[in-house]
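Subject: Two-chain model, handover and notes

Hello,

Here is the structure for your files. My notes on it follow below.

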Amino acid sequence: MKSASLPGRSSNRVAYLFAGPAILLIGTFSIIGIAYSFWISLHDYDVLAARNPFVGLENYRAALSDELFRLSLINTSYYVLLAVPSIMCGALVLALLADKAGRGSPLVKVIYFIPSITPGVVVSLLWVWLLRDDGALNQVLGLVGIAGPNWLQDPRAAMPAIVIVATWQAVGYYMVIFMAGLSDIPKMYYEAATIDGAGPFGRFRHVTVPLLRNTFVFITAMLIIGSYQVFTQVYIMTNGGPQNATEVVQAQIFRNAFQYVGKTGYAAAMAWVLFAVIAVFIAVQMRFMRSRRLYD
Amino acid sequence: MTDGLSQAALKSPWPGSRRGVTAALLSLVIAAGAVTMIAPYVWLVVNSLKTVEDFSRHPYSLWPNPLDLAAYARAFTLGRVGIYLGNSLFYALVATTVQLFLDSIAAFAFARMEFRGRTTAFTMLLTTMMLPGAVTLIPTYLIIVHLGIADTRLGVLLPGFAGAFGIFMLRQFFLNIPADLEDAARIDGCSTFGIYSRIILPLARPALITLGLFIFIGAWSDFLWPLVVLTDWDLYPITVGIASFRSDAWIFWNSVFAGSVIASFPLICLTILAQKHIIGGIALSGMKG
């Protein structure tokens, strides 16, 4: 790498010129932004107010004792607990199927992939109709004799309904990542396992799972981070209803920061609580995954 | 049902006599999944082609009777989809162009030049990739307000003008380009910018195309940020535009569907045309983990 760098005294200034704009932008909106956000969370902050008094950890205390915010944390965790495994399993099963069927035809891959590049707004508007009482999903369920609930109006069914939509949308994207992971596993490992007498399940358990570990870690982390910030589907399909059953943290942050007046500091504290929850989940997941490391 | 699927998935493809049956079964399951994926779109397109009466009477029939383009016409007149579509194109194209330029030139500096603070700056970039958007949303908005560009096109665009992921991805790509060509060019009197623009960029075309597509798709689909930063309807991108259809007095769902078809059509076309770059790029980004 050293030999590749350009010689000359002027290169230093040129380098700053080249990398500067991007570093300045990302530094402003991420690094300064993070510090600013923490500062705001310690103040009774309003962007239009002349004074923004320091309140210490009061915003955090208020958030954690706020019934609705606590409910939104529980709701979001419920969503994560349903959505992450469901997207993960769906994607893995699809990837295994496509892999066995000869790496999957490109057309099939594209079809599975299309929902994930469709804007969340479109997906949500569309599924509002498919999830109605007399909607397409219940008609299909009716064919096999199941009477589906009125998904988006029933407090118990609303969150699972949003998970169904999220799974439908995301499964193809993670299928592609899993397929890339699968195609990286050398075929000889499977052959060796077969010679050693491993059945299909043994091969899956002792070859596929451990050798896909990096992919699992990556996907789980991405899914947890993304799912904890679920917003668009909820905002459009239920707007937090019925009876706050789908009120999520990101919606609470959005309402307090941008729809209510003078609650910016409070909303910033909520965002930090969410960040902390995500960080804990990621730490636990990393540890869990590392303890599972087997062959390399 | 999942059990059945994974059983099928794990069935060995090798034992001879059952191979054909297994393969056929697999194809069937995959095809059924594909139908599940595509059916909602078919329903969307079909209903955007129905009249209001036909839709309210038979929302789940899969044949418009009669075939009618009024929903599209209404989406463009009352729904102002034309304005939103223009805005989305503008945002997505400008974001893609500017970010590709700033990311690639920064990645070039990180890959090929020595400068004080390089490691620190690069570590900082990597760290920002892990920040959840929920935490940066409020400060980003407030910074935009302080800059006096809230509710403007620049306000929508500015935070997306550079991306840590893009710099990281392009730097990796640039590091794999051999330096011999550059040395030769430098001896021939080529400037540093010339090396970047005439040697590195052309060689990095595949990476630039993939990143450009990611940026375009992301900017086009973005909903929360423009919703936060904009109040002026004339500046709405199509995602925020069609979401606000419902809050309007005129609720013509078939026009909402027409707007949805228009909003997703460019991305679906892109995916079909550039599937190698998009899907291949995603497979690649997954490996980094």
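**Loops and peptide bonds**

B:Pro66 sits in the loop between α3 and α4 of chain B. The peptide bond joining B:Asn65 to B:Pro66 is cis, with omega about 0°. Helices here are DSSP runs of H or I with at least four residues, strands are runs of E with at least two, and both are numbered from the N terminus.

Please keep in mind that this is a predicted model, in which local features need pLDDT of at least 70 and side-chain atom pairs count only at pLDDT 80 or more, while totals for chains, interfaces and linings use all residues. Residues are numbered from 1 along each chain as its sequence is written, and chains are lettered from A and ligands numbered from 1 in the order in which they are written.

A cis bond is also found in chain A, from A:Gly241 to A:Pro242, with omega near -15°. A:Pro242 belongs to the loop between α11 and α12 of chain A. A:Gln243 is in that loop too; its phi is positive, about 50°, although it is not a glycine. A:Gln243 is exposed, because it has 10 other C-beta atoms within 10 Å. A:Asn239 and A:Ala251 are twelve residues apart in sequence, and their C-alpha atoms are 8.3 Å apart.

In chain B, B:Arg80 has a positive phi near 55° without being a glycine. B:Arg80 lies in the loop between α4 and α5 (81-112) and counts as partly exposed, with 17 C-beta neighbours inside 10 Å.

Chain A has 13 helices and zero strands. Of its 296 residues, 44% count as buried. The C-alpha atoms of chain A fill a box of roughly 75 × 70 × 35 Å along the principal axes.

The largest nonpolar core has 171 residues, and those touching the most other members are A:Ile162, A:Tyr174, A:Met175, A:Met270, A:Ala271 and B:Ala106. (A nonpolar core is a set of buried Ala, Val, Leu, Ile, Met, Phe, Trp, Tyr and Cys residues joined through C-beta atoms within 7 Å.) Helix α7 (residues 158-183) of chain A gives the largest share of this core, 16 residues. Leaving aside residues up to four places away in sequence, A:Tyr174 touches A:Ile87, A:Met88, A:Ala91 and A:Ile219. (Contact means C-beta atoms, placed from the backbone, within 7 Å.)

**Contact between the chains**

Which residues make it up? The contact takes 81 residues from chain B and 88 residues from chain A. On the chain B side, helix α2 (residues 19-48) gives the most, with twelve residues. That side divides into 59 nonpolar, 18 polar and four charged residues. (Ala, Val, Leu, Ile, Met, Phe, Trp, Tyr, Cys and Pro count as nonpolar, Asp, Glu, Lys and Arg as charged, and the others, Gly among them, as polar.)

**Domains of chain B**

The assignment, automatic or from a database, gives domain 1 (2-73) and domain 2 (75-287). Their centres, taken over C-alpha atoms, are 32 Å apart. Ten residues of domain 1 are in contact with eleven residues of domain 2.

Regards

Notes. Buried ≥ 20, exposed ≤ 12 C-beta atoms within 10 Å, placed from the backbone. Contact = placed C-beta atoms within 7 Å.
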